[in-house]
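Got your viewer open and your selection tool ready?

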Amino acid sequence: MSQRGNGVMETDARRLEIDRTRMAEDLRGVVAGDVIFDDAGRSLYSTDASLFRLPPLGVVRPRSVEDVAATLEWASRNGVPVHPRGAGTGLAGDALGSGVILDCSRHLRRIIRTADETVCVQPGVTCRQLEAHLAAVGRCFGPDPANAAVTTLGGMIGRNTSGSRFPLYGAVRDRIVSAEVVLSDGTVTELRPTAVTNWGNAEGLTADAARRATLARGIAAVHGAAQDELASWAASGRLVHGGYRLDGVVCPPISDGAATLIDLPRLLAGSSGSLAVVTTVTLKTRPTVAGAAVGLFFFDSLERAAAAALRLQPLVPAACDLFDKRHLALSRSASPTFERLIPALAEAGLLVEFAGDDQAGCQRQLDDAVELMRRSRFHCIDVRRAEVAADVELFWQLSRTVVSTLHGVRGTVRPVQFMEDVVIPPGQLPAFLERYQDVLKRHSATALLYAHAGHGQLHVRPFADPRRSGERERLEALAADLVGEVVRLDGTIGGEQGLGLSRTRFFAEHFPGQVSVCREIKRLFDPAGLLNPGKIVPAAAESRPAWRQLPQTFPESVGLPLLNWTPEALAAEVDACNGCGACRADAGPLRMCPRFRESPGEEWSPRAKANLVAGLLGGEVDPQAAGMEAARAIADTCFNCHQCRVDCAAGVDIPALVTELKAAVVAAEGLRWTPWLLARVDRLSALGGRLRPLSNWALTNPQARWLLERLLGIAQGRRLPRFTGNAFLRWAARRGLTRPSRRAGPRVLFFLDTFARRHDPLVARSLVALLERSGVGVFIDPRQVASGIAAISVGDLDLARRLARRNLRVLTEAVRLGYEIIATEPAAVTAIQHDYPLLLDDEELPRVVAATRHATDYLWELQQEGRLVGGFEPLPQRLLYHQPCHLRQHGGGQRTAGLLRLIPNLSLDTRPTGCSGMAGTFGLDHDHYRTSLRIGRTLLTAVREPELTGGVTECSACRLQMEQATSKQTLHPVVLLAIAAGLAPKDALSGDNLRPATAAGRVATVPAAEG
Ligand SMILES: Cc1cc2nc3c(=O)[nH]c(=O)nc-3n(C[C@H](O)[C@H](O)[C@H](O)COP(=O)(O)OP(=O)(O)OC[C@H]3O[C@@H](n4cnc5c(N)ncnc54)[C@H](O)[C@@H]3O)c2cc1C
């Protein structure tokens, strides 16, 4: 590029920047919601679950219909396109665009009204939130997408979403009664079925009614003019799916003299946000279906499974999902349960569900299906019936996790979400499969196929490496061929997942007649073409948005990576996030992401962090400009609980990406005071220990706590643990534990970390006692220092590295001498196993990592090998066990529960209670104190239940939190085991020697969840 060329580009970029700043200011003047026009914020909205990356001009997150109207009015005055967005989980790039993204998922999340047979909601309500609300009154909405925990009603309308149970529930278009919408010029109107009258003008009508009447008349006219086109579709028997659908929208007069009725709200379903923005919608509900019988049928070929699916249709299954062998293989390798469930020889499988109010009747239908398969020649090699509710859940997992399982495939070549989503008349399934195989052969491609076989909805994912040059062209050619075959079989495209950026051009190519009808409809609603242009109706200037692809080299100014991995490894980690948005789930069974659940905005989601790093690496976010400040705010929404790493199907190491981000911010701007201090919590604890008893007095003195909050930022209301100084290490030294153990047999190095060392010697002493009684030699090397997890959590890499290096010397020596390393603090294990390899490049590290585990896991192994000397006495307690986040990633928790169940009369409540909200030092911080209590609400409410006598958990921070909001004791499991074994004083169960000192002598109230 010439110098002049560079200069011109810089001037353009500068002008764009100024324009953007001005636009953001304009919008802030008219919108009460969030206006995000900075590079970092925009980068979070550049992707969805598709292959595309398209940075928007900016983002508006409306708080009300007025905000939506003001944004659209502003956009129409300025000629700026607007793209409505829900959770951003579309697979075809439906919610992406270069204009202003209107994110309805952040603030418009209210269920407004529930009537006997309808419910009125805002567009940001998630499908699962709605279903949970309706289930309480014995009703349901119906359409059941696999990602119900994430997908929003706005997005479901935009996509006309359906799911496996389409034969039972239909799609969203069957369930819309009316909708309040904002049209492209900013007019708010209520869309409902509207009669086509012969009014010459709008006299006597309200503006709203006049607008509706005009739209209804317009649709009637388009419909009238398109008779030939529509008739040809009907004659071909082609299923109408993609595009704006007029079937069922234009309802002929039901009697003489009656008017034609136009079901305007129904037209919204599947319109991809390109006709109007929905601000509230009234939906039909239906009674929940009481009974269901589910079976899994396995076959020796895909073709035979498809034929069997057709043969089963007369039995009217509520769902009939078809899996190919690749999906079955991926599922088998993903989980031992599926490995047992799915026969290794199976080439295809069918999940069949019969549903109805009569459970026995459903079972009989399933009997018939099994019998039919037995008698017919479909080579059904195995049948599994769901006998109990847990089986039903498990079988459905196979179907519901299809997309996430696919997203979980890591590596350069993986199944890509580009050309999937074709619809064929179900009877054509066998013919389609033949042609599908031929197309794949012609292109030397492999693909994965998953289908709702009963209604001919197929998802095809070719294996490809989107980063390889020429791959896009190869995939586009493959897609073109496949679409051609679909069309020849009277099928269509974009049934469930829309046309979006992936398929609009194929739609225009193969269905020009249909597209002209759509163009007329678009013109009626959005004459200027500003609402989500380029979806369904091709945009005037056909654009070809980029695929999400990181450059081979990163801008030097970015300065990443700062951790111990290559730029390629960092890029691969970013690349592994496919944007499926599962981390935006607002409820279980997954635990990620506690912070998103508390503040459901895109920047709080784990995937936002991957998008932000992608923005930095791709040069969209300039670290030199205001980018770093915005990056800090986004990175700070993560408190390093690692739940996303555990729950993400692709196992994306978001915590590592966040550490990169935080470290980059620290490198650019330095550390702020409170994070600097919290990174040094071990030093603070040591100092507190030296200043005893003054420091312990200060913990409970309101004035001293006030001062502590002002000076150090440590929340005044937080109960803090007493300082015990070096009491434990002195005790250990007296017993000779601070020298290498001379015992023969198994030996462990006890890695103490801060809490056991400086606040709660009983935990450490209990563990030592249990181990020694079982004949295990214990060594507590006094040279060990804090694990450094607190420093890692704030991005203070210098301190984290110093601590890691000192510990590594100690741990390496011990491992060489044959010690195993154990810790009572789950976060310390995480630091050693996950973070040290990212901090240090040391060839001894893998051995140290392999030798490290949590103390309860070690005790469980002893027990399994019959070497744990217990002799546990009864402890008549009813305790709530809380599985700490950092233990969950090591698969711990169940083993702890197993150990505790060795104690007679101890009743353990192991219900899932989510994250405690404490997250190490996060909940200590004055700025986060109430947020932390809100996040831990489920746990804190549970532990308060009168039947429970207390709590038990391994994590010291979670213990602080559990004791914060109740007067009950929470103990470490090793203490309970030691008490039951007679190795620790029984009064620890009720005494206050372990209890954290109270700040103000009060139990905290748990703040209500934010609205
Ligand atoms: C793991 C996974 C599983 C999936 N499973 C299914 C499935 O089983 N069935 C299925 O049909 N799809 C499925 N999908 C595809 C997709 O997620 C769904 O179609 C989903 O309903 C989209 O919802 P969303 O909230 O993410 O919407 P977005 O992707 O944000 O938006 C979708 C469309 O709706 C429009 N829109 C959003 N809000 C509004 C509004 N307020 N007013 C007007 N238009 C609006 C957008 O402009 C866009 O065109 C799946 C996707 C993933 C990643």
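**Stop 1: the ligand**

Start by selecting G90: a polar backbone atom of G90 sits 3.1 Å from an oxygen atom of the ligand, a polar contact (a pair of N or O atoms within 3.5 Å; within protein, one must be able to donate a hydrogen and the other to accept it, and residues adjacent in sequence count only if both atoms are side-chain atoms). Before going on, note that this is a predicted model, where local features need pLDDT of at least 70 and side-chain atom pairs count only at pLDDT 80 or more, while totals for chains, interfaces and linings use all residues. Residues are numbered from 1 along each chain as its sequence is written, and side-chain values use heavy atoms, with hydrogens and water left out.

Next, show the whole shell, counting a residue as near if one of its heavy atoms lies within 4 Å. There are 35 residues around the ligand, and P84, G86, T89, T151 and T152 come nearest. By type, the shell has 15 nonpolar residues, 16 polar and four charged (Ala, Val, Leu, Ile, Met, Phe, Trp, Tyr, Cys and Pro are nonpolar; Asp, Glu, Lys and Arg charged; the others, Gly among them, polar).

Color β3 (82–85), α5 (153–159) and β13 (277–284), as each gives at least two residues to the shell (DSSP runs, numbered from the N terminus: helices are H or I, at least four residues; strands are E, at least two). Which of the elements gives the largest share? That's α5, with five residues.

**Stop 2: a loop with a buried Asn**

Jump to N532, in the loop between α19 and α20. N532 has a relative accessible area of 1%, so it counts as buried (buried is under 20%, exposed over 50%, partly exposed in between; 1.4 Å probe, protein chains only). Show its side chain, too: a polar atom of it lies 2.8 Å from the backbone oxygen of D94.

**Stop 3**

Most residues other than glycine have a negative phi, and most peptide bonds are trans. With that in mind, zoom to L560 and P561: the peptide bond between them is cis, with omega near 0°. P561 is in the loop between α19 (512–525) and α20 (567–576). Another cis bond links M592 to C593, with omega about -10°; C593 is in the loop between α20 and α21 (594–598).

Now for positive phi. S444 has phi near 45°, and you'll find S444 in the loop between α16 (429–442) and β21 (447–452). S444 counts as exposed because its relative accessible area is 68%. D490 has phi near 65° and lies in the loop between α17 (471–488) and β23 (492–493). At 25% relative accessibility, D490 is partly exposed.

**Stop 3: a surface patch**

Finish with W706, L707 and L711, a nonpolar surface patch with about 310 Å² of accessible area together. L707 belongs to helix α29 (residues 702–712) and is partly exposed, at 43% relative accessibility. Patch members have over 30% relative accessible area and no salt bridge; like charges are joined within 9 Å, nonpolar side chains (Val, Leu, Ile, Met, Phe, Trp, Tyr) within 5 Å. A salt bridge is a side-chain nitrogen of Lys or Arg within 4 Å of a carboxyl oxygen of Asp or Glu.

Notes: Accessible areas come from the Shrake-Rupley method with a 1.4 Å probe; for residues, only the protein chains shown count as cover.
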